[in-house]
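Here are my notebook entries from a first look around. Follow along with the model open beside you.

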Amino acid sequence: MEASQTLVAQLGHLPLEVSTSVVAVLQRASATFWANPAAVTRMAALLGVSVTALVLPAVRTVYKMLTNYRRARRVKVGGKAPANPPNTTFSNRWFLGHSTAILASPTPVHFHRASLAHARDSVYLSYDLFHGPNITVADPKALQTILSSRGYQFAKLDVVRGLIAYVTGDKGLLVIEGDEHRRHRRLVLPLFNAATLKKLTPTMHRSLNELETILDASATKGSAAPVEFQHLSIALTLNVIGRTAFATDFAALGPTESPLTAAYNSLLHTFGITGWNIAKRALPFLGWLPLEANRELVRDRHLVTSAVEKIVHDLSSREGSSDAHSEELDALARQNLTSLVQVLLENQKDGNGGGDTGLTLTEIRDELLTFLLAGHETTSNALSMTLYFLGLNPDVQETLYRALVDELPEGDDISLDDANQVAELHRVVNEGLRLHSPVFLTVRKALNDNEVTMSDGRTLEIPAGAGVLIPIQAMHLDKQVWGDDAESFRPDRWKEIQITGHEENPAATRTLHPLNFMPFLAGPRACIGRAFAIMELKLFLARLVRRYRVSVPESTPYPAVHYSITARPVAVPLVFERR
């Protein structure tokens, strides 16, 4: 080990062309052995090694490490190598990557913020397993190129796509790439236009009525009891997505959790940043061991997938009159409404299941599973945390309440147009999404060599195969962008901000790049349900704040957050008192 460290250290100080030549020779030698297993077997026998299965993976790993080393050496910012995170060790560089450092940090967001501060730059270079280079980019102009103008040249990592596909299937928008993604996006995007979304508000209000029944039981004036709201928020948004997308009642706000809801929530743990999940990523065979955790995962996946397949089959054949979704179909029909799955099935029927006019039944199933994953998880997290922030800031909550009372018509049937007219509500939603971004990080892989111009004119050189990390939450807390109070909940800051390309704000005192604030990402892979999520948040907050005075119980610590593909609060205790 000491000798190998010395070799690596020497290579690191050689000129790039020299060290690259040395590594190329070692790489070719490794490739020769990897491509000729028989030669490796003969050498193993000559050395007295009988278990060649241990030799071949080792050779392949060395080849991968050397390939990654050459790739990492080509990453440049303004012609120079970018900084590494603080306290980067030999093990971080060559074996475990920075996964251990992230696990040792209070949260992944702390790690990214500390690394950006250490680099004193908007770019730094960290490592994945076996020296795989990950370039963290927090420069908005560079990100506009990476996410927008060259969005399809930066694909999701195979390991991330595999994890998501395990839950959503391999034909959903979160997984597919290139022309297939373009086709799906073109077919699915019309589902989220303003005209379609406005028709869904009665269904959303119906789910809110159920939530308010539960809250009213604990919200007697003067004696309100705390409730764990995160669980209720998840159930609320799950019911909404069930009715609006699936034409199905998930009954998530019922007295007991439905098997489907329980199985889906269990599946989400596959995305967690935990030692076990990282180990399974490095050693995939661990996922096939006869362990109860693995068996439970398979059972949960089968339950969720089978349930959604049955919904698609029954709706496409107009069968299943005794099923849960039949009642929902009748309720929608009485109001002259429809669900997203019905629209997809009608398009599929018109297009005979192919071409540019419709999705196949398998594609519809996977898109519904994608809606389930992306359509309720992010909104529930944002709703819980925004109410938490309002509970901590009663003056802000009172300002919002007065605006809602003064600017909205009486009654609970608030329309989307009405909600959009309340500027204070818009500012509160933006500030909640900034301070707690449900999608806190996204990762891409460069498919080609790219040179990207940054805001200060420097060129960022990204070699093909390198990972690109976009630290969304860390960017939203950057004091250089948002001010010294970046960690405070202050919706009034949005009175001072003009985001380039957005609706003009005459009172703005400073202008921000649109990618300084991107809770829904940007470009062709931006969240297709952004308008749906914003509508939910505005309607939910408008009704809840107008009906209840929300507070945080005394001595309640900041909610712990479970980081996976989203930043999900573990528990958010709140007190709801009827106004």
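Entry 1: Is Ser207 buried or exposed? I looked it up: Ser207 has 0% relative accessibility, so Ser207 counts as buried. Here buried means under 20% relative accessible area, exposed over 50%, and partly exposed in between, with a 1.4 Å probe and protein chains only. Ser207 sits in helix H12, residues 201-218. I took helices (H or I, at least four residues) and strands (E, at least two) as DSSP runs, numbered from the N terminus. Leaving aside neighbours within four places in sequence, I found Ser207 in contact (heavy atoms within 4.5 Å) with Leu236, Asn239, Val240, Arg243 and Leu253.

**Entry 2: what I am looking at.** This is a predicted model, where local features need pLDDT of at least 70 and side-chain atom pairs count only at pLDDT 80 or more, while totals for chains, interfaces and linings use all residues. Residues are numbered from 1 along each chain as its sequence is written, and side-chain values use heavy atoms, with hydrogens and water left out. The mean pLDDT (the predictor's confidence in each residue, from 0 to 100) is 84, and 81% of the residues reach 70 or more. I marked residues 1-20, where pLDDT stays under 50, and did likewise for residues 332-337, where pLDDT also stays under 50.

**Entry 3: the whole chain.** I noted 25 helices and 15 strands. Of the 579 residues, 51% are buried.

**Entry 4: a sheet.** I followed three strands in an open, antiparallel sheet, in the order S1-S8-S7. Strands pair if DSSP finds at least two bridges between them. S1 (76-77) and S7 (450-453) are at the edges with a single partner strand each, so one side of each has no neighbour in the sheet. Helix H8 (residues 140-149) packs on this sheet and touches S7 and S8. Between S7 and S8 (residues 459-462) I found four bridges, and Thr453 stands opposite Thr459 in S8.

**Entry 5: the cores.** Which residues have the most contacts inside the largest nonpolar core? They are Leu387 and Phe576, in a core of 106 residues. Such a core is a set of buried Ala, Val, Leu, Ile, Met, Phe, Trp, Tyr and Cys residues joined through side-chain atoms within 4.5 Å. Helix H19 (residues 361-392) gives this core its largest share, 13 residues. Another core lies apart from it, with 33 residues, including Leu116 and Leu143. Beyond four places in sequence, Phe576 touches residues including Leu215, Phe229, Leu387 and Tyr548.

Methods: Axes are lines fitted to C-alpha atoms, for helices over the stretch in contact, and angles run from 0 to 180 degrees between N-to-C directions.
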